Amino acid sequence: MPALNISTNVSLDGVDVSAIQSEATAKLAKIIAGKTEADVMIVLRGSIPISLGGSQEPAAFGELVSIGGLSPEVNKNLSAAIAEILETKLCIPKVPTLDGMVPPSKSSILAPKLKVSYIIQ
């Protein structure tokens, strides 16, 4: 079961968290081969103190745990899809991706201002 944990310094008060989780669930199931929406878990936490480069501007950190289904290409597509959701729903701007990186098992990858860390197990 893929599990995506997202922490953000943005307040979720008044935000339709269910819509974010639903959209993220659909994207993950579509991008990770062999997974259905019933297989995906999304955890979203807001108002978490996050400093990126010394700035407390809106940012998020995501950690995806999955047994199988992940690869550098899948990671890149997931990062882009989740970053798009966070930009649209929480106004967290994107930053450039690190294209071409091949993460070793249990590594961190910077993604569009979603600062995604993938743990491949």
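Biologist: What is the relative accessibility of Lys89?
Modeller: Lys89 has a relative accessibility of 36%, so Lys89 counts as partly exposed. Buried means under 20% relative accessible area, exposed means over 50%, and partly exposed is in between, with a 1.4 Å probe and protein chains only. This is a predicted model, in which local features need pLDDT of at least 70 and side-chain atom pairs count only at pLDDT 80 or more, while totals for chains, interfaces and linings use all residues. Residues are numbered from 1 along each chain as its sequence is written, and side-chain values use heavy atoms, with hydrogens and water left out.

Biologist: Which residue forms a salt bridge with Lys89?
Modeller: Glu23 does, and the closest N and O atoms are 3.7 Å apart. Glu23 is in helix α1 and Lys89 in helix α2, 66 residues apart, so the pair links distant parts of the chain. A salt bridge here is a side-chain nitrogen of Lys or Arg within 4 Å of a carboxyl oxygen of Asp or Glu. Glu23 is partly exposed too, with a relative accessible area of 30%.

Biologist: How many salt bridges does a search of the whole structure find?
Modeller: Three. One of them joins Glu84 to Lys94, with the closest N and O atoms 2.5 Å apart. Because Glu84 lies in helix α2 and Lys94 in the loop between α2 and β4 (116-120), this pair ties together parts that are 10 residues apart in sequence. Lys94 also meets Glu87, side chain to side chain, at 3.8 Å from N to O. Glu84, Glu87 and Lys94 are therefore linked in a network of salt bridges.

Biologist: Stepping back, how do the elements of the protein chain run?
Modeller: From the N terminus on, they run β-α-β-β-α-β. That gives two helices and four strands. Both kinds are DSSP runs numbered from the N terminus: helices are H or I with at least four residues, strands are E with at least two.

Biologist: What share of the chain is buried?
Modeller: Buried residues make up 39% of the 121 residues. The chain exposes about 6,200 Å², and carbon and sulfur atoms supply 57% of that. Accessible areas come from the Shrake-Rupley method with a 1.4 Å probe, and for residues only the protein chains shown count as cover.

Biologist: Which residues touch the most other members in the largest nonpolar core?
Modeller: Leu28 and Ile82, out of 22 residues in that core. Elements giving two or more residues to it are β1 (3-8), α1 (17-31), β2 (41-45), β3 (60-66) and α2 (72-90). The largest share, six residues, comes from α2. A nonpolar core is a set of buried Ala, Val, Leu, Ile, Met, Phe, Trp, Tyr and Cys residues joined through side-chain atoms within 4.5 Å.

Biologist: New topic. Where is Asn9?
Modeller: Asn9 sits in the loop between β1 and α1. The side chain of Asn9 reaches the backbone nitrogen of Ala59 at 2.8 Å. A polar atom of that side chain also lies 3.4 Å from the backbone oxygen of Ile50.

Biologist: Which residues does Asn9 touch, not counting those up to four places away in sequence?
Modeller: Ser47, Ile48, Ile50, Gln56, Glu57, Pro58 and Ala59. Contact means heavy atoms within 4.5 Å. Across the protein chain, 73% of contacts between residues at least 6 apart in sequence join residues at least 24 apart.

Methods: A polar contact is a pair of N or O atoms within 3.5 Å; within protein, one must be able to donate a hydrogen and the other to accept it, and residues adjacent in sequence count only if both atoms are side-chain atoms.
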